[in-house]
Structures are given as C-alpha cells and as structure tokens.
Amino acid sequence: VFSPPSNSESNLQVIDLSHNKLDGYFPDRFGSLTGLQVLNLAGNNLSGSLPTSMSGMTSLSLLDLSQNHFTGPLPNNLTNSLGSFNVSYNDLSGVVPESLRRFPSSSFFPGNTRLRLPSSPPGSTNFPGENARRKPINTVVKVVVIVSCVIAFIILIMLAIFIHFIHISRRPPPEHVTSKGIHRRTPINPSGISGTDSGGALVVSAEDLVTSRKGSSSEIISPDEKMAAVTRFSPSKHSHLSWSPESGDSFTAETLARLDVRSPDRLVGELYFLDDTITLTPEELSRAPAEVLGRSSHGTSYRATLDNGMFLTVKWLREGVAKQKKEFAKEAKKFANIRHPNVVGLRGYYWGPTQHEKLILSDYISPGSLASFLYDRPGRKGPPLTWVQRLKIAVDVARGLNYLHFDRAVPHGNLKATNILLDGPDLNARVADYCLHRLMTQAGTIEQILDAGVLGYRAPELAASKKPLPSFKSDVYAFGVILLELLTGRCAGDVISGEEGGVDLTDWVRLRVTEGRGSDCFDPALMPEMSNPAVEKGMKEVLGLALRCIRSVSERPGIKTIYEDLSSI
C-alpha cells in the first residue's frame, strides 16, 4: 500500500518509487513537500484522482506518473518549474490544462483515451458530450462501411503480393539463398579484428522485408537466430528488431513502446562529420541494414553495415532530449579528433527535419560490452573473466577517464558496464557514450541521471541536487562501482538479499568489509586464482581503491590518483 512521507520529511528533494507495484491513492499530504524536485511514481498500480494540493510542490522539476491507473482531470495549478512531465498510460479524462500544453503529446499518450489535448485554441473543437448527442449512424450503413473496408483491405493485400512477386521475378538470384529468401554475406571488418559479431552475419535487404511488415517475423527469420535485421532505422514497437545481450539490460513491451522514435522511410536531413575518416550520404545510411545493440532512457543504439562492409554504431536519440541545432553543433565539435586507445571515437552526427531525427555516429567495437562478459546470466559471452583480464580492464577504463578529464576537460557523465566496450581478442577496454549530457536538454540529463540511479551508478550528490549535472567526481563514484562489479561479478543494479535484508551492491560490500569479511565479496569464479598470494593481494588492493571511490564527494580522490594506484598493482 502506498503512503506518503510525514510532514517532518518535507525537506525531501527526490522520491523515486517507480516500478514497485505499489497501490493506493495519490496522497494530499504530498502537497506539503515544498522542496521536492523529482517525483517518479511510474509503473505502479496507483489509482484515484490527482489532488489539487499538488500545486504545493513548488520546486518540482520532474514529475512522472505514467503506467498507473489515475482517473479524473489533470490539476490546472501545477508549478511552472516543471521541465519534464509524463502521465501517459493512465485513465485520465477532460482537457489538458493550458499550463501543461507546452509538453509533447508523448507526455499524455498512449493511454488516457478520454483526455483531450487541444490542437487549436480552446473552444474550436467539440467536447465528447457534444459528439454523444449526435444522431447514431444507421446500422445498415455501419455494416456497408465495415464490409467495404474488409474488401478494400483484401484487395490491397493481393495487390501487394502481386507486385512483390513481379519484383522478385525480375531480380537476379543471389549467390547464396536459403529457403526463406534470406542471403548470408560476410562483411569486411575494417578493424581487422575477428569477433563474434564480425563474420557470417545474417543480413536482410529492404526487398526481403517488404512482406514482413504485415506478417509474423517468423516468416522471415526463425526465433533461434541470434540476429534480426532492420532497414532504414525504424525502431518502432511493430518493427522486427533484434536485441543484443551486449547492452546488459532487459526491456518489457511497455519500455519498447515508450522508446518508439517513429523513423521516416528515408533520411533526408544533413550528415555532419567530426573528421575526414569516413564519407557517407544520408541515402547510404538509410539503406544500411542495422542490428539493435541496446536501448536506454535517451535512445536506441544500432550496428549499421555500410555498402563497403564497414560497421558503425548509430545512436538514435529519443525525441525531445537533444538541444537546439546551433548549441548541439557547437558541443559536438568539441568531440572532434578524439584519438585514444581507451575511448570510442565519435565520427559525426545526423540532423533531420523533425524532432525525432537526431543520430550520433561512432566507431563499432566488437566483441561486446563489459556487462555481456562479466555478469553470470544467460547469453554471457565466453568463460568468466580471469583476474588478469579484470585488472587490465580496470586500468584501461581509468586511463580513458583520465584522458577525458585532463586532456579534453569533460566528464564522461554516463559511465556503466554497458558503456565499457571490449575491443578485439585482447579485450582492450574503451569507454563509450561519453559527454551525452553536453548534447541533451536539462530534462534529458535528469532522466539519464535517474536511470543511473536505478542501475546503481549515480553518485549521492547528484540525487540531492535540484539541477544535477555530471562531474569529474561523479565519474569517479561510478568507476568505483564498476571496480566492485569486477571484483564481485555482480551487477550494480541487483538487490542482494541476506541477513540484513535487501541491499544494493555498494552497501553489501561496505557491510562485509566492516565485519572483516571483505574476501567473501569476491566472485566465486576467481577463487581458484586466489591461491596465488599475489592475486589475493591485488584483489584486496583494488577493493580498497573501490571503497575510496565511493566515499562522500569531499573525500573522493580524482581519477588521476586512482589510475596511478591501479597501474602500480
């Protein structure tokens, strides 16, 4: 049952109770939380109407009540300080108040079928009550309309099939064709490094997918295939997408729907490159087959295969998170000519004519992310990492962060295991997805930081800030969490149960160390190696460094100190 905090806790600044299956009503007493800045109750079973006392939350900058069962009208007196607002997937009704009409329609829909968002000045459209007073359509007319639509639909399907077979008959047969009309080719790996993703990839051309848009994906690709292919970057919930375990995350159908970016059939905007290493047109990018690598709060990542066989990682930013074009371009130029063995290079970006057409192009790194190699989950790549491999990865990441902090003077801002990519057979670690906060709006940055909190990487000082911004010290905290993941083999976002109840990874390690049982935290897969005194000593030294990284911000060391100490182990 959901109940509010007491008045004595009115100094709370962040409440995130999302996806906890809470039920009950929205309490009136929340109106007394005048200092509250972030309220996230998404993904619960809360119901009832939204009280007018919500106007008392005058400091609120983010409000997410999506995926609940709230009814009735929206309050018309919410604070003007709101920068991010979402009430989709509820049962609200009435008219959206004028003060909330500045938010996009995705803040209110899908869901809320009885809620009206005026597209013109008030009074220019009819209310539902007026429609109800219209004279009902005659039953015979209804039947005629339905039958006509069915017949027209059947004719269209037959016409599409006929055109498709004509097109197939005119096309010369491919070199290697399976019974389903899918051909395999081996793209050229530009890096010269073999990996699990680089050879024998299943590729489906635009023609192969013509019929798949209306049929089952099993018509084209069997469920046992590791990859599915898409063209023209169409990451909608109806597309036949594949998901790669490189992302380390899982996604429900509701999450996929919220990340729908409604891609156009063709990219008709402009491509901007940060160096002269590649030459590419929007048309070439449009027709590139693409595999989904992973999804996050700010967009979807793909592996695109260009006509020359070269791979690129393309991140499609979610609608509304990118800054305006002039500011976006100014910040993007700062990432030009980044050349470091432990940092993934950014190659350019695409700016389309609509809000949801913003893409970032970067190098594709194979065979996968640290998450896909480290966590003991189905689909893990290869055997457990050895201690030597884990220590090398830690040093590589620290070196990459040191370069960003001192040579480029920017924090990473989104460091996590899924953004550490392992390159080639030696698993050289490279940090990716850095500095996105420089390209995103304040609301987009807040969402990214909230996401980091759910995953276990957010520094405490960011949770307490009204307008949080990533910093060098928050990077060090996230790096400390990654060191704990390397030592324990556990995911930072997991809740670990024990005698103390459910705790997160950092608290669990702190408790064990306080009890003098720090060695109990180490990954069981590393136990055979701990018979070597040098290995055991090195693991304990890394544990000490990790605990220093997750101290309070005033006691937290800089990444240069951590990198030098790690390199000496």
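Where does Pro367 lie? Select strand 18 (residues 367-369): Pro367 lies in this strand. A strand here is a DSSP run of E with at least two residues, a helix is a run of H or I with at least four, and both are numbered from the N terminus. A cis peptide bond joins Ser366 and Pro367, with omega about 20°.

Before moving on, note the ground rules. This is a predicted model, in which local features need pLDDT of at least 70, side-chain atom pairs count only at pLDDT 80 or more, and totals for chains, interfaces and linings use all residues. Residues are numbered from 1 along each chain as its sequence is written, and side-chain values use heavy atoms, with hydrogens and water left out.

**Backbone stops**

Go to Phe109 and Pro110. Another cis peptide bond joins them, and its omega is about 5°. Pro110 sits in the loop between strand 8 and strand 9. Next, pick Gln67, in the loop between strand 5 and strand 6 (69-72). Its phi is near 60°, a positive value in a residue other than glycine. Why flag such spots? Because most residues other than glycine have a negative phi, and most peptide bonds are trans.

Two strands pair if DSSP finds at least two bridges between them. Axes are lines fitted to C-alpha atoms, for helices over the stretch in contact, and angles run from 0 to 180 degrees between N-to-C directions.

Zoom in on strand 5 (residues 62-64). Three parallel bridges link strand 5 and strand 7. Asp64 has Asn86 of strand 7 as its bridge partner.

Strand 8 (residues 91-95) pairs with strand 9 in the parallel sense over three bridges. Pick Gly94: its bridge partner in strand 9 is Leu115.

**A helix pair**

Show helix 7 (residues 387-407) and helix 10. Their axes come within 10 Å and cross at roughly 175°. Helix 7 and helix 10 are therefore roughly antiparallel, a term for angles over 145 degrees. The contact residues divide into 11 nonpolar, one polar and two charged. Ala, Val, Leu, Ile, Met, Phe, Trp, Tyr, Cys and Pro count as nonpolar, Asp, Glu, Lys and Arg as charged, and the others, Gly among them, as polar.

**Last stop: a cavity**

A cavity is a set of points on a 1 Å grid over the protein atoms alone where a 1.4 Å probe fits but cannot get out, and lining residues have an atom within 4 Å of a point. Grid points are joined across faces, edges and corners, and a volume is the space filled by probe spheres set on the points. The second largest cavity has a volume of about 130 Å³. Select Gly413, Asn414, Ala452, Tyr457 and Leu462: of the 14 lining residues, these are the closest to its centre. Helix 8 and helix 10 (472-488) each give two or more residues to this lining.

Conventions. 1 Å grid on protein atoms, 1.4 Å probe; cavity = no way out; pocket = protein on both sides within 12 Å on 5 of 7 lines; lining within 4 Å. Parallel < 35°, antiparallel > 145°, perpendicular 65-115°, else oblique.
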